[in-house]
Amino acid sequence: GTFNCIVGENGSGKTTLIKCIVGLIKDYKGEVILNEKVGYLPQKTTVQSNFPASVEEVVLSGTIPHNLNGIFYSRNDKLSARNSMRQLGVYDIRKKCFADLSGGQQQRVLIARALSATDKIIILDEPTNGLDPKVAKQIYELLKKLQQKYKLTILMVSHDVERALKFADRVIEIKEGQLSYDGVPSNYQVEGDK
């Protein structure tokens, strides 16, 4: 039920760590134990931005792990997707093409997709990357509100150390593939202050 931000320089290993946690990278030392389903939002790509599907279809696709034995979405999958769209403020645009949305709207849709997969843990890799500062702040505020309301655990990679310190319950810093800080934001020292 905590908001955790992983910070560090480009190439420090943040995305690699996330990919190990969600099972996209298998060749690593150590062990990852997940007791819950995880919703995952990878770094945004051009392919994602131009995806020719409706908002509703994108969000519903987050429920696919629930339905590995079936062909169609269940009633619960549809309810979960609708609830996620409402929580992220994209329900009214559910019939619009994902490719036609602004960057901020697309990120809200992709977060709704991750939330459709689970109501326990979502893992986000740079969800505010490329967004203007006002929209990025709105995304952080929205995530914090969801975390508090639903006791949702959020693990998020972020380059925005200032916002991570403001919104996160816990900050994890990685330097050159090694853990250099893991604790509360109030004890974290920004590079220039060390």
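## Sheet and strand pairing

Two strands are taken to pair if DSSP finds at least two bridges between them. In this predicted model, that criterion applies to strand β4, in which M156 is the bridge partner of C5. Strand β1, residues 3-7, runs parallel to β4 and is joined to it by four bridges. Strand β3, residues 121-125, also pairs with β4 in the parallel sense, in this case over five bridges. Within β4, L155 stands opposite I123. From β3 the chain passes through helix α6, residues 133-150, to reach β4, and this β-α-β crossover is right-handed.

Strand β4 itself spans residues 153-157 and is mostly covered, with four of its five residues buried. In general, the strands of a sheet pair through backbone hydrogen bonds, in either a parallel or an antiparallel manner. The sheet here is open and has six strands in the order β2-β3-β4-β1-β5-β6, with mixed pairing. Its edge strands are β2 (38-41) and β6 (178-183), each of which pairs on one side only. From one strand to the next, the twist averages 15°.

## Helix α6 across the sheet

The helix that links β3 to β4 in the crossover also lies across strands of the sheet. Helix α6 lies across β1, β3 and β4, and runs at about 140° to β1.

## Packing of α5 against α6

Two packed helices are described by the angle between their axes and the distance between the axes. For α5 and α6, the axes come within 10 Å and cross at roughly 20°. Angles under 35 degrees count as roughly parallel, and α5 and α6 are therefore roughly parallel to each other. The crossing in which α5 passes α6 is right-handed. On the α5 side, the contact is made by G104, Q107, R108, I111 and L115. The α6 side contributes V135, Q138, I139, L142, L143 and L146.

## Packing of α4 against α5

Helix α4 comprises residues 75-87 and helix α5 residues 103-117; the two pack at an angle of about 140°, with their axes 8 Å apart. This angle makes α4 oblique to α5. Helix α4 passes α5 in a right-handed crossing. The residues in contact are S80, A81, S84 and M85 of α4, together with A112, L115 and S116 of α5. L115 is also listed among the α5 residues that make the contact with α6.

S84 belongs to helix α4. With a relative accessible area of 3%, S84 is buried, because buried means under 20% relative accessible area. When its neighbours within four places in sequence are left aside, S84 is in contact with V59, A112, L115 and S116.

## Loop residues

Most residues other than glycine have a negative phi. E126 lies in the loop between β3 and α6, whereas E176 is found in the loop between β5 (170-175) and β6. Their accessibility can be set side by side. E126 is buried, with a relative accessible area of 4%. E176, at 76% relative accessibility, counts as exposed, because exposed means over 50%.

D132 is likewise found in the loop between β3 and α6. D132 has a relative accessible area of 42% and is partly exposed, because that value falls between the cut-offs of 20% and 50%. From C-alpha to C-alpha, D132 and L115 are 23 Å apart in space, and they are separated by 17 residues in sequence.

Technical notes:
Residues numbered from 1 in each chain as written. Predicted model: local features only at pLDDT ≥ 70, side-chain atom pairs only at ≥ 80, totals over all residues. Heavy atoms only, no water. Buried < 20%, exposed > 50% of the residue type's maximum accessible area, 1.4 Å probe, protein only. Right-handed = clockwise from strand over helix to strand, strands pointing away. Axes fitted to C-alpha atoms, helices over the stretch in contact; angles between N-to-C directions. Parallel < 35°, antiparallel > 145°, perpendicular 65-115°, else oblique. Left-handed = near helix turned anticlockwise from the far one by under 90°. Contact = heavy atoms within 4.5 Å.
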